[in-house]
Amino acid sequence: MQTAIPATSMFLIIGLFILVRRIRSMYKPTKGRGVRIILPLLFLTPGFSFFLNVSGHVTYLQLSIAIFLGVGFSIPLILWSDYEIRNDGLIYAKKSPAFIITFAIMIALRYYFRQHISTIEPGTLSMLIFLLVICYLIPWRIACYIKYKKVLKLKNTTFSN
């Protein structure tokens with residue numbers, strides 16, 4: 001049980017780090033063509049090894065619940081993530097307390113699931129949580145990229161005229 005404390009601490013530290021980065025991004029302009037918005041999806045690729053692990057025994061119901069929760073988590077993130085052109089002519093992520101609260105709730109729920117679902121073996125639970133993460137991260141990041149491109153196009157047409 002001693003190994004659970006460092007893993008829990010690491011999970012909370014990483015979650016806090018991601019939350020702080022998202023808050024800081026609201027004060028810094030988004031640069032370039034928006035590739036940095038999609039880049040975190042590339043960092044997910046090592047996690048796909050969970051699906052190659054034969055020790056995990058996932059039922060269709062468990063898969064369905066993980067996918068449903070993941071897509072459900074992506075909806076508020078998509079709704080409250082937006083971009084704006086500020087007075088300096090640069091594109092920023094809009095400041096949204098609702099986004100920050102939603103993201104903090106998602107981190108807390110992931111922590112709760114990991115700590116309190118004891119009927120599923122750890123390898124299977126890790127696989128399901130990873131599936132949940134990719135099911136909210138992929139739609140959210142793609143939607144953010146599309147929203148950014150729309151604002152970038154608006155900026156280019158506004159400032160070129």
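Of the 161 residues of the protein chain, 34% count as buried. Buried means under 20% relative accessible area, exposed means over 50%, and partly exposed lies in between (1.4 Å probe, protein chains only). The model is predicted: local features need pLDDT of at least 70, side-chain atom pairs count only at pLDDT 80 or more, and totals for chains, interfaces and linings use all residues. Residues are numbered from 1 along each chain as its sequence is written, and side-chain values use heavy atoms, with hydrogens and water left out.

Start with the fold. The protein chain has five helices and two strands. Along the sequence they follow the pattern α-α-α-β-β-α-α. Helices (H or I, at least four residues) and strands (E, at least two) are DSSP runs, numbered from the N terminus.

Helix H1 spans residues 4–25 and holds Met10. Met10 has 47% relative accessibility, so this residue counts as partly exposed. Met10 also belongs to a nonpolar surface patch, together with Ile13, Ile14, Phe17 and Ile18. The accessible area of the patch is about 500 Å² in total. Patches are made of residues with over 30% relative accessible area and no salt bridge; like charges are joined within 9 Å, and nonpolar side chains (Val, Leu, Ile, Met, Phe, Trp, Tyr) within 5 Å. Accessible areas come from the Shrake-Rupley method with a 1.4 Å probe, and for residues only the protein chains shown count as cover.

Ile14 and Ile18 lead on to the largest pocket. This pocket holds about 1,600 Å³ of space. Its lining has 43 residues, and those closest to the centre are Ile14, Ile18, Pro40, Leu137 and Arg141. H1, helix H2 (35–42), helix H4 (97–116) and helix H5 (122–160) each supply at least two lining residues. H1 gives the largest share, 13 residues. By class, the lining of the largest pocket has 28 nonpolar, six polar and nine charged residues.

The terms need their rules. The search runs on a 1 Å grid over the protein atoms alone: a cavity is a set of points where a 1.4 Å probe fits but cannot get out, a pocket is an open set with protein on both sides within 12 Å along at least five of seven lines, and lining residues have an atom within 4 Å of a point. Grid points are joined across faces, edges and corners, and a volume is the space filled by probe spheres set on the points. Ala, Val, Leu, Ile, Met, Phe, Trp, Tyr, Cys and Pro count as nonpolar, Asp, Glu, Lys and Arg as charged, and the others, Gly among them, as polar.

The second largest pocket has a volume of about 170 Å³. Helix H3 (60–80) and H5 each supply at least two of its lining residues. The lining includes Gln62, Leu69, Phe113 and Ile129. Ten of the lining residues are nonpolar, one is polar and none is charged. Tyr111 sits in helix H4. Its relative accessibility is 28%, so Tyr111 counts as partly exposed.

Now turn to the strands and the loops beside them. Two salt bridges are counted. A salt bridge is a side-chain nitrogen of Lys or Arg within 4 Å of a carboxyl oxygen of Asp or Glu. One joins Lys94 and Asp82 at 4.0 Å, N to O. This pair links distant parts of the chain, twelve residues apart: Lys94 is in the loop between strand E2 (91–93) and H4, while Asp82 is in the loop between H3 and strand E1 (83–85). Lys94 is partly exposed because its relative accessibility is 34%. Asp82, at 30%, is partly exposed too. The other bridge joins Arg86 and Glu84 at 2.8 Å, N to O. Arg86 is partly exposed at 21% relative accessibility, and Glu84 is partly exposed at 26%.

Lys94 and Asp82 also line the largest cavity, along with Arg22, Met26, Trp80, Ser81, Tyr83, Ala93 and Phe99. A search of the whole structure finds one cavity of 30 Å³ or more. About 50 Å³ of space lies in the largest cavity. Its lining divides into five nonpolar, one polar and three charged residues.

Pro97 lies in helix H4. Pro97 counts as exposed because its relative accessibility is 57%.
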